[in-house]
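Student: I would like to go through this model piece by piece. Can we start with helix packing?

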Amino acid sequence: MSPGSAILPGGLKQSQPVIEAFQTERLRDMLALCARAHPYYREHWRRAGIDVQSLQSLDDLQRLPLTPKQAMMEQPEHFRLQAPDLPLHERVLCEVIYTTGTSAEPTPVYNTTHDYHAYLFQSSRVAEISGIRSDDIIANLFPLTVAPMGAFVRSATNAYAAGAAIFAALPGSGHGAFGVHRPLDYAVQAIADRRATLLWGVPSFIRRVLLRAIELKADFRSVRMCAITGEASSAALREDLRRCMRELGAQGTTVFDRYGSTEMGAFAQCHEEGPWHNPSPEIQFHEVVDPDTGRRLPDGERGALAVTHLNRRGTVLLRFLVGDIVAIERGACPHCGRFGDRIVGPVVRTRDLVKVKGMLINPAALLDALQSVREIDEFQVVIGRSDPSDPFSMDEMRIRIASGVPDQTALAQTVVSRAQDVTRVRPVVEFAAAKEIYDPALQTKARRFIDAR
Ligand SMILES: [Zn+2]
C-alpha cells in the first residue's frame with residue numbers, strides 16, 4: 001500500500017459518502033488480500049463457490065456469510081494472513097492479545113506492526129473524541145491477568161497515542177512466583193502521589209478504589225475522569241462513580257464508558273451516556289444484521305453487530321459477529337458534528353442470555369436493576385439447583401447482598417420485587433459480608449453473575 005493512503009484526509013469531518021467511498025476502496029484491497037492469504041476465508045469461499053472479486057461495494061459485502069465467533073475461537077490460527085511477500089512491518093508479529101470470552105481457553109488475536117500502528121491511530125482518534133489530553137496522567141488500574149488482557153496491554157498504547165503519561169497499579173489475584181501484584185491501597189496511594197487525572201479500569205475495581213480513597217481521606221482532587229471498560233456497567237453504577245468523585249472533591253466527574261472488544265478496539269463517546277463513535281472508519285466497517293440470515297438491517301433497527309476489518313494484517317475478520325445486540329446510526333452526530341457510524345445502546349451481550357426456570361433472562365438487565373438499589377454495598381447473583389446434590393432439581397436464583405441497613409427484611413423485599421420485575425423469576429435473597437462477595441485483595445473484578453449449574 002502506498003504511504004498515506006490508510007488515512008482519510010479530514011477524517012470524521014468528511015461527509016458520509018466520502019467516508020463510504022474510502023471504505024469501499026479499503027474493502028476491495030482487504031478482500032483481495034484475504035482471497036490469496038487468509039486460510040479460513042479462502043477455504044470457505046472456495047467451498048461456497050463465492051467469487052470474491054465480484055464484490056465491489058459495501059452493499060455487496062452482504063453476499064458473504066457471517067463469521068460466527070465460535071469459528072474464530074476454534075481455529076484462531078486460520079484467521080491469520082499468511083503472506084510472506086508483504087513488507088516486514090505488515091507481517092512481523094508485534095503483539096498477541098486475548099479475548100476473554102466465556103470459554104476456558106482464551107482466544108489469541110494476532111497483531112503485526114502494521115496493526116499496532118493502526119491501533120495507535122485509532123487510539124488517537126478515541127482520545128480526541130473523548131477528551132483525553134497530552135497533559136493527562138493516567139492510572140492503569142486493569143488487573144495483571146493470567147492471559148494478557150487487551151485493556152491492560154492497550155492502556156499504554158492509548159497513553160502513547162494521546163501523548164499522555166501513564167503508570168500501573170498492578171492489581172490482580174496473585175499468580176506466578178515473582179510477587180508483582182499490588183494491593184488495593186497501593187492504587188489509592190499511587191493515584192494521590194502521582195496526581196493522576198484519569199482512572200482507567202473495570203468499573204467494579206475503580207469503584208472500590210474510590211470508596212477506599214473516601215475511607216482513607218486520600219487526596220484525589222487531581223482526578224477528572226474515569227474511563228471504564230471490560231465489564232457491563234449500569235447508569236446507576238456510573239452515577240455512583242460520579243458521586244464518589246464529587247465526595248472526593250475531584251476536579252471533574254466525567255465517566256467515559258468505553259465500548260469495544262479485543263477484535264474491534266475501542267469506540268468513543270463524545271459526551272457522557274451518548275452513543276459510541278467508530279473513531280476510525282478507515283480501518284473497520286460495521287453493520288447490524290439478522291444473525292440467522294445475514295441480512296443487513298436498516299440503520300436504527302436493533303440486531304447483531306458485525307464488524308469487517310478493512311486494513312489489517314494479523315488476525316483478519318469479515319462480517320464477524322461480535323456477540324452484541326445494538327443499533328447503528330450514520331451521518332453527522334447531533335452532538336459533535338462528526339460523521340461516520342455510531343453504535344447505539346443498550347448493548348445486550350447475546351452470549352450472556354441464560355435460561356432460568358424455563359425463562360430466558362438477561363443478566364445485564366438484572367444487574368442494572370440491582371445496581372440501582374442504593375442500600376446495597378455489594379451483590380452477586382448465583383444460579384444453581386434448589387437441591388445442590390440433585391442435578392435434576394429445579395433451578396434456583398440466589399441473590400447475595402451486603403448491606404449495612406438495619407432493616408434487612410425491607411431490603412430483601414425490594415430486591416425480590418426488582419429481580420422479579422426484570423426476570424419474572426423469584427429469587428432467594430441472602431445476606432453476606434461485602435468481602436465474601438467481592439474481595440479486592442483477591443479478585444480484580446467482581447463476579448456479579450455466576451451460573452453454577
Ligand atoms: Zn458525537
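Tutor: This is a predicted model, where local features need pLDDT of at least 70, side-chain atom pairs count only at pLDDT 80 or more, and totals for chains, interfaces and linings use all residues. Residues are numbered from 1 along each chain as its sequence is written.

Student: At what angle do helix α5 and helix α6 pack?

Tutor: Helices (H or I, at least four residues) and strands (E, at least two) are DSSP runs, numbered from the N terminus. Axes are lines fitted to C-alpha atoms, for helices over the stretch in contact, and angles run from 0 to 180 degrees between N-to-C directions. Helix α5 spans residues 113–130 and helix α6 residues 150–162. Their axes are 8 Å apart, and the packing angle is about 70°.

Student: What does that make α5 relative to α6?

Tutor: Angles under 35 degrees count as roughly parallel, over 145 as roughly antiparallel, 65 to 115 as roughly perpendicular and the rest as oblique. The angle here is about 70°. Therefore α5 is, relative to α6, roughly perpendicular.

Student: Which residues of α6 make the contact?

Tutor: Contact requires C-beta atoms, placed from the backbone, within 7 Å. From α5 come Tyr-119, Leu-120, Ser-123, Ser-124, Val-126 and Ala-127. From α6 come Arg-154, Thr-157, Asn-158, Tyr-160, Ala-161 and Ala-162.

Student: Which residues touch the most other members of the largest nonpolar core?

Tutor: A nonpolar core is a set of buried Ala, Val, Leu, Ile, Met, Phe, Trp, Tyr and Cys residues joined through C-beta atoms within 7 Å. A residue is buried if 20 or more other C-beta atoms lie within 10 Å of its own, exposed if 12 or fewer, and partly exposed in between; C-beta atoms are placed from the backbone. This core has 80 residues. Those touching the most other members are Ala-139, Leu-141, Leu-198, Leu-199, Ile-206 and Val-209.

Student: How many residues are in the second, separate core?

Tutor: Its members include Ile-361, Leu-370, Ile-401 and Val-415. The count for this second core is 15 residues.

Student: Is Arg-195 buried or exposed?

Tutor: Arg-195 sits in the loop between α7 (184–194) and β5 (198–201). Its phi is positive, near 55°, in a residue other than glycine. Because Arg-195 has 12 C-beta neighbours inside 10 Å, it counts as exposed.

Student: Where is Pro-346 found?

Tutor: The peptide bond from Gly-345 to Pro-346 is cis, with omega near 0°. Pro-346 belongs to residues 341–349, strand β14.

Technical notes
Two residues are in contact if their C-beta atoms, placed from the backbone, lie within 7 Å.
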